[in-house]
Amino acid sequence: MALQDVCGLHNSPLFPQWSAPLSRSFMPENSTHLSGGGIHGEAFSTRLPGRGGLSPLEFYMPIAEYLTESPINFGQTSLTSAPTKLLEIDHLHPSLPSISLPPPTPFPVSPSVPLPFTLSHGTTTLGFAFQGGVIAAADTRSSCSGLVACPASPKVLPIHSHLVGTTSGTSADCALWKRILARELRLYQLRHHRRLSTGGAAKLLSHMLHPFKGTELCVAATLCGWDGDDEKHEQPITEKHANTPTNQMTASNSIVRSRSRICGPRVIYVCSDGLRLQGELFSVGSGSPYAYSILDSSVYWGMSVQEATEVAREAVYRATYRDAYSGNNVDLYHVTAKGWRRRERENLKEEYYREKERERRVIAY
Amino acid sequence: MEYLIGIQGPDFVLVAADNVAASSIIQMKHDYDKMFKLSEKILLLCVGEAGDTVQFAEYIQKNVQLYKMRNGYELSPAAAANFTRKNLADYLRSRTPYHVNLLLAGYDETDGPGLYYMDYLSALAKAPFAAHGYGAFLTLSILDRYYRPDLTREEAVDLLKKCLEELNKRFIMNLPSFTVRLIDKDGIHDMEKLPVGPK
């Protein structure tokens with residue numbers, strides 16, 4: 001499908017709703033949703049000259065009925081202890097300023113569609129940038145309201161050669177949207193002969209997720225990538241820094257930093273409720289407060305690759321120690337100008353026993 | 001948890017916003033800019049629900065720029081404020097209302113400086129000074145007491161500092177730094193970030 005689209009062949013697709021243009025995929029009677037999403041649609045549906053059918057930015061828009069009726073119809077109980085709806089206009093006293101309070105727990109909003117079982121979004125993922133690239137790390141436990149559904153699920157998914165995304169939220173949603181993002185980025189690359197920057201990819205993902213705001217979709221991703229058109233310029237500096245001590249690095253830090261305005265490591269957090277933040281360090285998930293406390297004290301720009309790997313691993317380990325919904329193994333990816341590299345998945349149970357052994361020996365003496 | 005403030009003088013508008021981007025209990029970013037430049041002399045300050053702020057503000061920003069491209073001249077602050085309010089009102093009773101609180105500050109050649117207060121129910125009011133957020137409870141009375149229509153720029157900055165000191169003293173949230181900008185007939189000027197540090 002992608003090749004046909006790029007080559008300009010007009011082929012009526014098997015499943016028209018997936019790739020139909022925006023104007024035809026809406027039900028006309030649900031005009032309120034249309035007006036909400038349609039304005040974004042019109043802004044996007046610029047048609048490229050010479051293309052048979054589809055323009056590059058026509059994303060899959062949700063069918064209006066699916067948002068109000070569940071296709072699953074077996075008798076399940078609706079969530080009684082429903083936390084506040086994010087989009088409901090709060091019935092606060094009119095003199096209070098209009099602030100939407102954050103939900104108290106990382107649980108989904110009260111559903112308009114009854115869920116087959118209660119979902120929980122337990123995970124620990126993190127990503128940070130430093131002089132040697134970007135480190136993305138995550139645990140591997142998929143939980144489902146108290147049950148460990150899968151102890152070895154990959155939460156850091158590569159999107160293309162220089163971009164890796166950590167996923168948090170509903171696993172299925174994350175996997176799907178990562179694939180959709182990978183497809184759109186590949187199309188962009190084929191059409192424009194260059195990779196889309198990490199910021200562009202984040203904006204693309206954020207706009208694709210916007211129509212689903214207020215539904216059960218929950219995707220909180222950290223896109224970790226390396227922007228740059230010319231890899232040859234970047235890598236000599238990064239290797240040298242790996243061995244020099246901290247105090248010698250401040251002068252060369254500024255050179256690297258100024259060059260990294262256009263190309264360099266990037267970490268951007270994208271959330272399905274629309275938040276999109278660029279920064280140097282993010283951690284997402286139920287275990288993120290524990291990880292933040294390790295990372296905030298140990299991460300600095302001039303650290304070496306080995307130090308960075310150690311810190312990331314330690315942060316995930318500490319989070320898995322304290323958080324019930326994180327655990328099992330740790331995955332670690334390192335993105336540089338040359339692409340991403342994956343570290344062997346490590347079982348944290350070993351680390352736990354090693355630490356217990358160390359403590360036991362310390363107490364013994 | 002977020003805070004916006006605007007003070008209008010005889011020929012300028014001073015605006016400030018905090019720099020924290022938070023998600024539940026975690027501060028995800030400490031240097032987040034909540035001001036959106038609509039045109040050379042108009043700023044839109046936007047707080048509210050997570051994704052709505054950026055989505056709505058960027059939408060308004062691009063539309064104001066489109067107006068300039070189509071017509072060759074920029075929208076006035078009053079026109080931009082009313083356009084924003086109309087959009088907010090249109091979305092209010094749709095399936096996807098935008099939960100955002102706004103301050104729009106601008107300078108018009110003929111009308112002079114203007115500060116417009118807008119809330120998520122798309123109420124619009126032109127005001128000499130305004131604030132959004134829980135911090136507004138603590139600072140509006142300071143503004144009531146010390147504001148005069150003929151403030152100089154230095155006096156306005158002092159008044160702003162008074163407000164931020166009060167926040168630092170009494171507000172439960174830690175808001176360590178604020179972006180401050182001033183709009184006058186020469187455009188938008190960045191002023192130094194106000195860290196409200198210990199005296």
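Visitor: Hi! Among contacts in chain A between residues at least 6 apart in sequence, what share join residues at least 24 apart?
Guide: Hello! That share is 69%. Do keep in mind that this is a predicted model.

Visitor: Got it. And how many helices and strands does chain A have?
Guide: Chain A has 12 helices and 12 strands. Of its 365 residues, 46% count as buried.

Visitor: Let's look at a sheet. In what order do the strands of the open sheet in chain A run?
Guide: The order is S5-S6-S7-S8-S9, five strands with antiparallel pairing. Strands S5 (156-160) and S9 (276-279) of chain A stand at the edges with a single partner strand each, so one side of each has no neighbour in the sheet. From one strand to the next, the twist averages 25 degrees.

Visitor: How many bridges are there between S7 and S8 of chain A?
Guide: Eight bridges, in the antiparallel sense. One pairing to find is A:Leu223, whose bridge partner in S8(A) is A:Ile268.

Visitor: Which strands does helix H7 of chain A touch?
Guide: Helix H7 (residues 198-209) packs on the sheet and touches S6, S7, S8 and S9 of chain A. Its direction makes about 10 degrees with that of S8(A).

Visitor: New topic: which residues of helix H10 in chain A are buried?
Guide: They are A:Ser288, A:Ala291, A:Tyr292 and A:Leu295. Down the axis of H10(A), the buried residues fall within an arc of 105 degrees, so they line one face of the helix.

Visitor: And what covers the buried residues of H10(A)?
Guide: The cover includes strands S1 (125-130) and S10 (281-284) and helix H11 (305-322) of chain A, together with strand S4 (26-29) of chain B.

Definitions and conventions: Residues numbered from 1 in each chain as written. Chains lettered and ligands numbered in written order. Predicted model: local features only at pLDDT ≥ 70, side-chain atom pairs only at ≥ 80, totals over all residues. Heavy atoms only, no water. Helix = DSSP H or I, 4+ residues; strand = E, 2+ residues; numbered from the N terminus. Buried < 20%, exposed > 50% of the residue type's maximum accessible area, 1.4 Å probe, protein only. Contact = heavy atoms within 4.5 Å. Arc of directions from axis to C-beta. Pairing = 2+ DSSP bridges. Axes fitted to C-alpha atoms, helices over the stretch in contact; angles between N-to-C directions.
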